[in-house]
Amino acid sequence: MRRAAARVDAATPPDRDRAVDALRAFAILGVVLGHWLVTALVVDGGTLRTASPLGHMPWLAPISWAFQTLAVFFLVGGHVATRGYRSARARGTTYGQWLRSRLARLFKPVAAVLVLWTVTATALLLTGAGSATVHTLVKLALSPLWFLLVFGALTAATPLLLRLHPLWPLAVVLHVDLVRFGLGGPDWLGWVNLAAGWLVPYTLGAAWTRGELEGRRVGWLLFGGGVVTTAGLIVLAGYPASMVGVPGAQVSNLNPPTLAAVTFGLAQCGLALLLRDRLRGAMRRPLPWAGVALVNLSAMTVFLWHQTALMATTATGLALGRLPGLHTVPDGLGWVAARLAWLPVFALVLTVCWAAFRSYEQGPRRAGGRPSRVIRVHRGADRTAAKAGRRA
């Protein structure tokens, strides 16, 4: 393992900012673990329905603070996209070529998920499964796609967002919530925040590219301001404490994003900026870097298939009866302990999905002939180095 990690380390371009990859990997894994911890499929008669331990034990809301990491992903995504677009334009690559390359990496793995779940849903209905159960499973399996649609739209708008200050979309979110919650406006107005809310961390990433987020002062300002504002919104304005959706709750902070979710995301982005130097130092060690590189090379595969891994485990376990932490109501600490014990099983099933479908995430070659990879193995250079070593 150490030798393999050393090879990955040696094959990484020396000018790559490994902290960016570490933040992306942590964001993806945070979402995966968060879903596995707060998503329950309860056997209710002859059907499966979704439930959440946060609905029965709201004092567990801090779990959502640790694992709702989408803002960090949008921060990194905005930074990487704007930096990549500038670099592509400098090489003479057209906007269309650049965009096709970016979107192909995002959406190519989606085809396999759609095909598998179309076949699965059809087979379930033909074999007598209830429509409510099939709807629950398909909705859960395809729920990650909303994220890709929003992220893809922001990626397409990158040239327009290069200079956009994050305060503008933040102001939109603020006014939408004022009208929606303060003045009794329509609920559909909240969906404006689906774009505006995620624009905030994405344009923060663009500011990172412009060099406006250097220094620890900005990180502390975002972190401290985000924490204080979010706490005020929860305590004084009545926003939900959970940063993820809870089945049956009247208001969700995430679906669509509220001002509390956005300010919480600003706190997360500030913490990410404060940790950059530490992450760069940690990623100089081959073993941690090899793990981060592996997650980055398969980020979309992991993201798209983690809910399928949970449901495959749940369906298989039904053959043994109603198992604690898998099919039971998440209403106590016993369920939490049992769910923690199931996490390695979910990870094993996800590994199987990764092995089966990772080929769909083979990065397309960028315009200009450069492979889109975290690491690059330069075989010619390796041979030259080996000959030089023999001569020495």
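Visitor: How do the lining residues of the largest pocket divide by type?
Guide: They divide into 23 nonpolar, 16 polar and three charged. Asp, Glu, Lys and Arg count as charged; Ala, Val, Leu, Ile, Met, Phe, Trp, Tyr, Cys and Pro as nonpolar; the others, Gly among them, as polar. This is a predicted model, with local features needing pLDDT of at least 70 and side-chain atom pairs 80 or more, while totals for chains, interfaces and linings use all residues. Numbering starts from 1 along each chain, and side-chain values use heavy atoms, without hydrogens or water.

Visitor: Which residues are closest to the pocket's centre?
Guide: Lys139, Gly245, Val246, Ser252 and Asn255, out of 42 lining residues. (A pocket is an open set of points on a 1 Å grid where a 1.4 Å probe fits, with protein on both sides within 12 Å along at least five of seven lines; lining residues have an atom within 4 Å of a point.)

Visitor: Which helices and strands supply at least two lining residues each?
Guide: Among them are α2 (18-38), β2 (47-51), α8 (131-142) and α17 (299-317). Helices are DSSP runs of H or I, at least four residues; strands are E, at least two.

Visitor: New topic. Which residues of α5 meet α6?
Guide: Gly77, Val80, Ala81, Gly84, Tyr85, Ala88 and Arg89. On the α6 side are Tyr95, Trp98 and Arg102. Contact means heavy atoms within 4.5 Å.

Visitor: And what types are they?
Guide: The α5 contact with α6 has six nonpolar, two polar and two charged residues.
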